[in-house]
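This report describes a protein chain shown below.

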Amino acid sequence: MASKNVEKTRARLEKRIEEGAYYEAHQQLRVVSQRYIKAQDYEAAIDILCSGAEALLKAGQGGSGGDLCLMLVEVYKTGNVTPSATSRARLIQLISLISPEEPSRKRFINEAIAWSSKHGEYPAGDPELHHFIGKLFAQEDNTYEAEKHLVVGTKESAEVFADMLYEWYTEDEPHTAPIYAARAVFPYMLIGNLRDATRSLTIFTRKLIENNPSLAVQEVQTASVDVKVIPSLPLLNFLNLLLLACQTGEQDMFRTLKSHYSNSLKEVPHCGEALAQIGEIYFGIQVPRTASLFDMMGSMFGGAPNAAPQSRQIAPEQQPFVDLD
């Protein structure tokens, strides 16, 4: 809880912002927060910076508000603040207030992720932060940036990811659907997350079938397997089979799949590198190190992520292998 002095200072400076004295308030907020930082009263500095940044951003002062946001992250780092519901909520609130056109927003997001990576338990950054940022970018139709965050987000991110990719696909030719689905499936697999690779593909396929009633669909269903087969989209069938095969770890099965669908796989950019890595992760097939996982993810997303994703090894429920051809 903020002290009475902090509350009085905060109220006084917020009043100056309401009166339109933006420059004066911004400078005073910097001076006061620096005083608290020097005294190692990080809680007070955080309180002042967060409330001041929020007030300035709501007043349309993106530059000044963004500057205080960056100072806030620096205090998080200096004060060894760890990711928690409270520390995360402050950042999420401020990110949501910064205009997409404000230059400082990108740096603030990058610094927030870097802080959560260094001071939290997830090397790629806090999943809740990634989920919020990825969802925000998706809502803004900034697909490339959204992908980088959603793939290392929470389990809820898989649905946002699949929905975004499906909407993106609808602007393209019908036969390209599997290429868009693969943009979620392969990255999830590359970080060991079979659960969300499977979920994203299931959601994407369901939307595809629901919105295309004339699409021929065959269903392979047993007590433990429910797979939709679309003969006109072999690459989509390959993705389903690959996810099932990963649960067996059988090298011959993996090689047979790659050979059988080799023509379809040519449609996916950088597919060869991704499959080589998948072969090593799930089937124990050693490959020469021609590219790092970081580089591969960057290539698939059209740009390098802010932090190299960590392998989580999240597996789905075990399912027997089913031949879809």
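Arg16 has a relative accessible area of 25%, so Arg16 is partly exposed; the cut-offs are under 20% for buried, over 50% for exposed and partly exposed in between, with a 1.4 Å probe and protein chains only. This is a predicted model, in which local features need pLDDT of at least 70 and side-chain atom pairs count only at pLDDT 80 or more, while totals for chains, interfaces and linings use all residues. Residues are numbered from 1 along each chain as its sequence is written, and side-chain values use heavy atoms, with hydrogens and water left out.

Arg16 forms a salt bridge with Glu19, with 2.4 Å between the closest N and O atoms. A salt bridge here is a side-chain nitrogen of Lys or Arg within 4 Å of a carboxyl oxygen of Asp or Glu. Glu19 is partly exposed, at a relative accessible area of 44%. Both residues belong to a network of salt bridges that links Lys15, Arg16, Glu19 and Glu24.

The structure holds 18 salt bridges. Another of them joins the side chains of Arg10 and Asp47, at 2.5 Å from N to O. This pair links distant parts of the chain, with Arg10 in helix H1 and Asp47 in helix H3, 37 residues apart. Arg10 is partly exposed at 25% relative accessibility, whereas Asp47 is buried at 19%.

## Helix H1

Helices (H or I, at least four residues) and strands (E, at least two) are DSSP runs, numbered from the N terminus. Helix H1 covers residues 4-18, and its 15 residues should span 21 Å at 1.5 Å a residue; the end C-alpha atoms are 21 Å apart, which agrees. The expected span is 1.5 Å times one less than the number of residues.

Val6, Thr9, Leu13 and Ile17 are the buried residues of H1. Seen down the axis of H1, the buried residues fall within an arc of 80 degrees, so they line one face of the helix; the arc is taken from the directions from the helix axis to the C-beta atoms. Their cover includes helix H2 (22-38) and helix H3 (42-58), where contact means heavy atoms within 4.5 Å. On the face turned away from the buried side are the exposed residues Lys4, Lys8 and Glu18. Just after H1, Gly20 takes a positive phi of about 90 degrees.

Helix H11 (residues 194-210) has 17 residues, which should span 24 Å at 1.5 Å a residue, and its end C-alpha atoms are 24 Å apart, in agreement. Its buried residues include Leu194, Ala197, Leu201, Phe204 and Leu208. Among the elements that cover the buried residues of H11 are helix H9 (157-169), helix H10 (177-190) and strand S2 (226-229).

A search of the whole structure finds 10 aromatic pairs. Tyr169 lies in helix H9 and Phe204 in helix H11, so the pair ties together parts that are 35 residues apart in sequence. Rings of Phe, Tyr and Trp (its six-membered ring) pair if their centres lie within 6.5 Å; planes under 30 degrees apart count as stacked, over 60 as edge-to-face and the rest as tilted. Tyr169 is buried at 6% relative accessibility, and Phe204 is buried at 1%.

The rings of Phe254 and Phe283 have centres 4.5 Å apart and planes at 15 degrees, so this pair is stacked. Phe254 is in helix H13 (residues 251-260) and Phe283 in helix H15, 29 residues apart. Phe254 is buried at 2% relative accessibility, and Phe283 is buried at 4%. Tyr144, Tyr166, Trp168, Tyr169, Tyr180 and Phe204 form one aromatic cluster.

## Pro231 and the whole protein

Pro231 sits in the loop between S2 and H12 and is partly exposed, with a relative accessible area of 46%. Pro231 touches Ala216, Gln218 and Asn237, not counting residues up to four places away in sequence.

The protein has 16 helices and 2 strands. Buried residues make up 49% of its 325 residues. Of the contacts between residues at least 6 apart in sequence, 63% join residues at least 24 apart.
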